[in-house]
Amino acid sequence: MIRDERIPADELRRIDEEIRADWPTGADVDFDEAIAYHESLPASKRFADVLEEATKPLLQPRAGVPCLDDQVELLEYLHGEGKADLLPTTIDSYTRDNEYEKAQEGLENARESGEDTLNGFPAVNHGVEGCRELIEAIDAPIEVRHGTPDARLLAAITFAGGFQSFEGGPISYNIPYTKRHGLEETIEKWQFVDRLAGAYTERGVRINREPFGPLTGTLVPPSIAIAIMLVEGQLAATQGVRSVTLGYGQVGNVVQDVAALNALQKLGDEFLPDEVVVTTVFHEWMGGFPPDEARANGVISLGGMTAAIARPDKVITKSPQEFQGVPTKEANASGLRTTRQVIDMAIEQEIDIDGIAEEQDLIERETRCLTDTILEHGDGDVVRGTIEAFDSGALDVPFAPSDSARGAVLPARDDDGRVRIFEWADLAMDDDIKEIHRARLSRRADTEGRDQSFRMVADDVDAISDGKLIGRPQNAGDV
């Protein structure tokens with residue numbers, strides 16, 4: 001079994017040569033030349049520096065189209081009209097599955113038809129030269145966002161192409177995304193990604209790494225998300241990464257979201273080595289959106305208010321057209337401006353909400369239960385412990401499609417709309433914490449005049465898209 005150990009230099013070179021042979025553009029990667037290219041970039045494009053030096057939450061949307069000129073135009077619009085501080089390049093689904101031939105077909109069709117025949121930017125097919133054209137065209141830092149279980153070639157090409165931030169990780173881009181890849185396999189492949197980022201860092205080019213915090217995006221209990229973020233941050237640090245952005249996805253209750261973001265920063269600083277700069281990113285609501293754009297803007301605004309109170313380093317914004325799928329560039333920019341308006345109005349206010357400290361303490365206690373069980377399962381090794389904890393069910397993620405997680409844990413909201421755990425299965429947690437969750441879900445059941453059941457879970461999944469936070473029954477017939 002693999003362990004949490006740094007990949008030796010000769011092994012890094014061997015893997016690099018092997019994976020770059022998977023597609024012709026891999027031959028254009030030259031590490032030393034890439035270092036010189038990064039050094040030539042202005043300070044305004046150095047992702048880690050811009051993020052870490054910010055004095056208020058920076059905003060970043062999601063965006064990716066197949067053709068280079070169209071991607072440049074899209075990012076210019078989001079930077080100019082949307083006032084995005086940081087920009088994304090979202091990668092297409094074929095590339096995420098390492099199906100580069102299909103991505104090439106889609107790219108050629110897009111060029112011929114003028115239509116977006118791919119749902120993102122095929123960076124591997126555009127190669128180092130195409131990536132650099134994008135980097136040079138936009139006067140802002142740009143991040144690679146994707147969803148790839150095996151991101152090794154994508155990392156090699158985009159790092160050489162000038163990108164200085166790379167999203168994802170071996171757990172967060174396995175458990176929510178794939179059934180085809182085992183957890184040990186994805187950890188091993190992402191060790192290469194992190195080691196390559198570490199190699200750039202050792203040469204003075206700090207590559208920012210950002211694990212994907214929302215996981216399945218559906219009522220994920222904060223402590224589960226935070227524990228996985230800490231693991232992925234530790235794995236990256238082992239390989240030499242020195243700029244880590246830990247993520248968290250909005251659950252909708254302001255007290256719980258602020259408490260979770262506070263806990264994420266505190267525990268990140270505690271668990272990761274001192275030489276790692278830890279920042280945080282808050283993802284606006286990742287679940288179903290209301291079909292009505294006005295109501296959708298309300299969801300976005302709640303995210304902005306939460307960010308203004310918690311002050312994460314970065315916010316990933318949403319658009320009022322989330323219900324429809326991929327938004328127009330105008331709608332994407334609108335979501336950015338809505339979020340910025342709320343943050344700018346609220347951030348100068350002293351907003352004091354009761355209950356945040358108590359909730360943060362509970363989240364931290366829960367997270368420590370999970371991190372402790374990981375170390376126990378692995379005899380101190382976080383890789384072995386993570387694999388075995390997932391295998392035993394001591395660590396789990398709700399609604400997970402991956403065979404590497406049991407998906408047996410079920411969440412539901414309590415009477416205040418905070419996400420609690422309704423079905424624990426084998427999740428490692430102290431009994432007194434379980435009792436707190438049971439008592440708060442029981443209080444909700446009493447309020448609604450119904451028994452605790454899976455119906456609560458199902459109702460909560462759809463609640464925000466129906467214009468509510470808690471999936472309460474409408475009348476006695478719904479109970």
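A residue is regarded as buried when its relative accessible area is under 20%. By this criterion, in the predicted model, W190 is buried, because its relative accessibility is 1%. F166 is likewise buried, with a relative accessible area of 0%.

The model contains ten aromatic pairs. In one of these, the ring centres of F166 and W190 are 6.0 Å apart and the planes meet at 50 degrees, so the pair is classed as tilted. F166 belongs to strand β4 (residues 165–167) and W190 to helix α9 (residues 183–202); the contact therefore ties together parts of the chain that are 24 residues apart in sequence.

A stacked arrangement is formed by Y248 and F282, with a centre-to-centre distance of 6.4 Å and an angle of 15 degrees between the planes. Y248 is located in strand β6 (residues 243–249) and F282 in strand β7 (residues 277–283), so this pair ties together parts that are 34 residues apart in sequence. Y248 counts as buried at 1% relative accessibility, and F282 is buried with a relative accessible area of 0%.

The charged end of R132 sits over the ring of Y37, at 4.0 Å from the ring centre. K329 is positioned over the face of Y77, 5.2 Å from the centre of that ring.

Notes:
Residues are numbered from 1 along each chain as its sequence is written. This is a predicted model: local features need pLDDT of at least 70, side-chain atom pairs count only at pLDDT 80 or more; totals for chains, interfaces and linings use all residues. Side-chain values use heavy atoms; hydrogens and water are left out. Rings of Phe, Tyr and Trp (its six-membered ring) pair if their centres lie within 6.5 Å; planes under 30 degrees apart count as stacked, over 60 as edge-to-face and the rest as tilted. Helices (H or I, at least four residues) and strands (E, at least two) are DSSP runs, numbered from the N terminus. Buried means under 20% relative accessible area, exposed over 50%, partly exposed in between (1.4 Å probe, protein chains only). A charge sits over a ring if NZ of Lys or CZ of Arg is within 6 Å of the ring centre and within 35 degrees of the ring normal.
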